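Dear colleague,

Please find the structure below, handed over for your study.

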Amino acid sequence: MTDLIHIDGTMGEGGGQVLRSALSLALITGRGVRLEHIRARRDNPGLGFQHAMAVQAAARVSGARVEGDRIGSQTLAFLPGPVVPGDYHFDIGTAGATSLVLQTVLPPLAMADGASRVTVTGGTHVPHSPCFHYLDWHWRVMLGRIGMPFELHMPMAGFYPPGGGEIQAGIPGSARPRGLDLTDRGRLLSIQGLSAVANLPEEIAERQRGRALRRLQTLNSDVDIAIEHLPARSPGTVLALLARFERGQACFFALGERGKRAERVADEAVDDLLGFLATGAAVDRWLADQLLLPLALADAASTLRTSEVTLHLLTQARVIQAFLPVEIRIEGELGQPGTVYLMPGHAG
């Protein structure tokens, strides 16, 4: 393979993020890419199961030519063909994050000229990745706001370690992203929450909910946290919180694990929410880098006020600029609130 864009997988904090973003952009632009030193700084370097599935998913939706897509590989060459809308099913086979596979192929399929349905099986609520409720309540809603709508469902939850969950996305296609100006979130209107358990006593969900309600009552805002039992093949818990503002929203969640008290799960999610509120920002730190790629494809400039400038955000900007003629300026110190200015060019 020749004339490929070269990406160093050690350029930022998230080697997996570099891989997924590069794959998405290769599909959207039709430009081949060669990645080296993939996740080289990790204890288990190279492609893991969920990373290999992201590569295979990207290859299947485009008939790509691929070299180096085996587990453990630190070098990958990917030459895409045209993105083909259709009905796709990707099985990670472990508790690997379904969300990260979906986020790889959704933007290209959303912009394709035709509808698609994507099913991913694996982990839906696993560490170090967006859980289903973050995707559905927040990522899906904000992508719809900028002109990239889709539907999302979860017939089965999948917790670590066995996974076994499933998410389904219905993607209408023909999306044309719009710019977004989100620097002032406005007044806090309400907080919607979910305290859920799978194959565990409801008392755990009640404790998570009770702790969160007690800590949030000082906000003088409408707070509603529902209790739910999730269908799953293994035990697990989650507490998710969605803050709605006049002009935006933010989402935070925490997962349970063996030996972790329900109150600590609640505290983790509430601490993140309260920390975000204290910054005055309009976009949470995870959504900022997740919006950057679709906004780089938009028809107008965008400005975002994020609660934290992260290495993920800085890395995402560098990967995007390797593929697209786009200006991205990020003002603010690492680890502090900042403002993202994005002036897109065109994909192609």
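**Sheet and helices**

Within strand E14, Thr-303 is the bridge partner of Asp-181. Please note that the model is a predicted one. Strands E9 and E14 (residues 302-306) are joined by 2 bridges and run parallel.

These strands belong to an open sheet of 4 strands, in the order E9-E14-E16-E15, and its pairing is mixed. Strand E9 (181-182) and strand E15 (327-331) are at the edges; each has a single partner strand, so one side of each is left without a neighbour in the sheet.

Helix H7 (residues 285-296) lies across E14, E15 and strand E16 (338-343), and runs at about 170 degrees to E14. Helix H8 (residues 311-323) also lies across E14, E15 and E16, running at about 165 degrees to E15.

A separate topic is the packing of one helix on another. Two packed helices are described by the angle between their axes and the distance between the axes. How far apart are the axes of helix H3 and helix H4, and at what angle do these helices pack? The axes of H3 (residues 98-111) and H4 (residues 132-145) are 13 Å apart, and the angle is about 10 degrees. Because angles under 35 degrees count as roughly parallel, H3 is described as roughly parallel to H4.

On the H3 side, Ser-99, Leu-102, Gln-103 and Leu-106 meet Leu-135, Trp-139 and Leu-143 of H4. By class, this contact has 5 nonpolar residues, 2 polar residues and no charged residues.

Yours sincerely

Conventions: Residues are numbered from 1 along each chain as its sequence is written. This is a predicted model: local features need pLDDT of at least 70, side-chain atom pairs count only at pLDDT 80 or more; totals for chains, interfaces and linings use all residues. Side-chain values use heavy atoms; hydrogens and water are left out. Two strands pair if DSSP finds at least two bridges between them. Contact means heavy atoms within 4.5 Å. Axes are lines fitted to C-alpha atoms, for helices over the stretch in contact, and angles run from 0 to 180 degrees between N-to-C directions. Angles under 35 degrees count as roughly parallel, over 145 as roughly antiparallel, 65 to 115 as roughly perpendicular and the rest as oblique. Ala, Val, Leu, Ile, Met, Phe, Trp, Tyr, Cys and Pro count as nonpolar, Asp, Glu, Lys and Arg as charged, and the others, Gly among them, as polar.
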